[in-house]
Amino acid sequence: MNADDIDRVLLDADSLRHRVADLAAEIDRSFAGEEILAVGVLNGAFVFLADLVRALASPVQVAFLRAASYGGGTRPGELSVEAVGEVDLEGKNVLIVEDILDTGRSLLGIRAAIEAARPKRLEIVVLLDKAERREVNVAADHIGFAVPDEFLVGYGLDYAGRYRNLPYVGVLSRTVYGG
């Protein structure tokens, strides 16, 4: 990474840490101490998921699914949703953990796939919400931050597999992705 790959830091590490703690408390209240199956959407949500489950007071299990629609670039393609390993969702309190909600197409497909497994309860938490990009009617139950329509990386979010390890969410320079 070059120093000028990031135009600016949008959300610093302290802001992320405090908001994740607040989200965990909100989710604990919502599920009223019942066990939660937190289903992280790979690859982007892994950092958020790890911090979130450590902050939860409720009993929690973790599972993963892969929902791919971007490949190596910036244009969405066809959505593919698949569980990673054996995951039984029927009759469980499921919390979908996603890094970013923008067009809503991926989350709509993920929600439909999980609803088909007949969970007891289903809620969605997203770290970032780009509401101005919404193309379909889908909403999260718990939202970390409303963010502008800019190309964001860090804290699990990537561009072509890079920048996930940044401890903050930053705006990627247009010179990197040609936007």
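**Exercise 1.** Locate Glu-123 in this predicted model, and decide whether Glu-123 is buried or exposed.

*Solution.* Begin with the secondary structure, where Glu-123 is found in strand β6, which covers residues 121-129. Next take the relative accessibility of Glu-123, which is 7%; because buried means under 20%, Glu-123 counts as buried. Then look at the surroundings: setting aside neighbours within four places in sequence, Glu-123 is in contact with Ser-30, Phe-31, Val-94, Leu-95, Ile-96, Asp-141 and His-142. With His-142 there is also a polar contact of 2.6 Å, which joins the two side chains.

**Exercise 2.** Work out in which order the strands of the open sheet containing β8 are arranged.

*Solution.* The sheet has 3 strands, in the order β1-β9-β8, with antiparallel pairing. The edge strands are therefore β1 (6-11) and β8 (152-153), since each pairs on one side only. Finally, follow β8 to its partner β9 (residues 169-172), with which it forms 2 bridges in the antiparallel sense; here Val-153 stands opposite Gly-170 in β9.

**Exercise 3.** Find which residues of the largest nonpolar core touch the most other members, and which element gives the most to this core.

*Solution.* Among the 28 residues of this core, Phe-48, Leu-52 and Leu-128 touch the most other members. At least two residues each come from α1 (13-31), β2 (36-42), α2 (46-55), β5 (93-101), β6 and β9, and α1 gives the most, with 6 residues. Another core, of 18 residues, lies apart from this one and includes Val-41, Leu-89, Ile-124 and Val-138.

Conventions: Residues numbered from 1 in each chain as written. Predicted model: local features only at pLDDT ≥ 70, side-chain atom pairs only at ≥ 80, totals over all residues. Heavy atoms only, no water. Helix = DSSP H or I, 4+ residues; strand = E, 2+ residues; numbered from the N terminus. Buried < 20%, exposed > 50% of the residue type's maximum accessible area, 1.4 Å probe, protein only. Polar contact = N/O pair within 3.5 Å; in protein donor to acceptor, adjacent residues only side chain to side chain. Contact = heavy atoms within 4.5 Å. Pairing = 2+ DSSP bridges. Core = buried A, V, L, I, M, F, W, Y, C linked by side-chain atoms within 4.5 Å.
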